[in-house]
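Hi there,

I'm passing a structure on to you today, and I hope you enjoy looking through it. Please open it first and then read my notes alongside.

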Amino acid sequence: MLTREDSALAEVRRRHEIRVLESLVTHGSRTRKDLESDTKLSRTTLSAIVGELRQRGVLSENDQEIYGTGRNGRPTKVLTLNPNAGAAVGVELGRRRISVSVKGYDGATLNSEQRSLADNLGMAEKVTQAAALLAEMVQEGRITPATLLGVGVGIASRHADPRSLADGGERQLDPQGATLDPLREVLGVPLLWDNNIRLAAMTQALAPGNTSENLLYMVLSAGISSAVVVNGSLLRGGNGIAGEIGHISVDFDGPQCWCGRRGCLERLLNETNVLQEAGQRGQAFESIEAIAGAVEAGNSVACEVVDWAGGLLARAVVSACVLLDPNRVVVAGELSQFGERLLAPARQALAEQHLDIGPRTTSIDMASYVPTAGSDGAALMALRHWRA
Ligand SMILES: [Zn+2]
């Protein structure tokens, strides 16, 4: 059993470790002397930290001629991060799929894996299956628990309590319906979890090369999920439910939504209702993909349906843009197959609105489908949290 003093010591050690890792991520390779000055750690502390990191396989120490030879005539030794050392694991517990991503200290993907799930599995069963998949990956050497800083978990239809966002002095509160302990136990590292779509949005915002500090991310499929990134951080709100654009009403006299209000975007633009709308306009389609194909072929009912959907989407997107002023709006999910025609009304409505405060730059684009977006985002969030 760890005492409070033990965990305080472990925490200090962990922070020292992270200073060493940060320096190596920034500079590539460093001599022990470089690290001393980068981290301001004493030689003894540094030596203990480096020793342990080497033992765990996070670092290696090699002769490197580029640094020349030391006073004793021997080549200078440099420390380098092991490129195969995973720093964070991301897990997405989706509606019908488990996805795992392993990220290195620099955020690069080292490994990933996906498994389909049977329909209507409960949370507890999904956790059990995900833990089994992680155990397999550990056994195969694709995840090395000793090199990890933490694990991030993205969960469909659950939102983290904004007062409890990661394991720290205390464990993060579990989502409704299951404990995440099996995931903590199989890797032996701290965990953080949040809504999978929020974490997928962070992939858009944090992935190397992306600089969407202010982003509205929407997934239009069986339902509508969405997330907002403000100044590089997820917007969670006081109750943890911020950013659910699906429940902005776009028609106050429209049909009743399960949330109790009328004409919510989700009530109108869920897949089933879009197919019904096509039926009411005179042609039945089997799938969203079929409507998208028919649009390409110039089918008039299909074109009308997409224009109708685009008009409703525009109402919600423009309202959200007035409130949040994102630089990017990214639309993903099944309905993104409708392509540019779906986005045109929102672009036009935004262009026609003159908020004369200054120039407004907001792009509206489709996201290309990346099956690992949720688990990538979960790993990136874990990396960001435990490196910070
Ligand atoms: Zn609603």
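Below are my notes on what was found.

First, two points on reading it. This is a predicted model, where local features need pLDDT of at least 70, side-chain atom pairs count only at pLDDT 80 or more, and totals for chains, interfaces and linings use all residues. Residues are numbered from 1 along each chain as its sequence is written.

**Domains.** The chain is assigned domain 1 (4–81), domain 2 (86–204 + 373–387) and domain 3 (213–326 + 334–366), with bounds that come from an automatic or database domain assignment. Taken over C-alpha atoms, the centres of domain 1 and domain 3 are 50 Å apart.

**The core.** A nonpolar core here is a set of buried Ala, Val, Leu, Ile, Met, Phe, Trp, Tyr and Cys residues joined through C-beta atoms within 7 Å. The largest one has 98 residues, and Val89, Val91, Val151, Val153, Leu183 and Ala382 touch the most other members. Helix 10 (residues 300–324) gives the most to this core, namely 10 residues. (Helices, H or I of at least four residues, and strands, E of at least two, are DSSP runs numbered from the N terminus.)

**Around strand 4.** Ala88 sits in strand 4 (residues 86–93). Ala88 counts as buried because it has 28 C-beta neighbours inside 10 Å; the cut-offs are 20 or more other C-beta atoms within 10 Å for buried, 12 or fewer for exposed, and partly exposed in between, with C-beta atoms placed from the backbone. Beyond four places in sequence, Ala88 touches residues including Lys103, Leu148, Val151 and Ala382, where contact means C-beta atoms, placed from the backbone, within 7 Å.

The axes of helix 6 (residues 196–206) and helix 12 (residues 373–387) come within 7 Å and cross at roughly 75°. Axes are lines fitted to C-alpha atoms, for helices over the stretch in contact, with angles from 0 to 180 degrees between N-to-C directions. Helix 6 is therefore roughly perpendicular to helix 12, a term for 65 to 115 degrees. Among the residues that meet are Leu199 and Met202 in helix 6, and Leu380 and Met381 in helix 12.

**Two loop residues.** Asn231, in the loop between strand 10 (224–230) and strand 11 (233–234), has a positive phi near 50°. Asn231 is exposed, because it has 7 C-beta neighbours inside 10 Å. Asp325 also has a positive phi, of about 50°, and is partly exposed, with 15 other C-beta atoms within 10 Å.

Best wishes

Methods:
Two residues are in contact if their C-beta atoms, placed from the backbone, lie within 7 Å. Angles under 35 degrees count as roughly parallel, over 145 as roughly antiparallel, 65 to 115 as roughly perpendicular and the rest as oblique.
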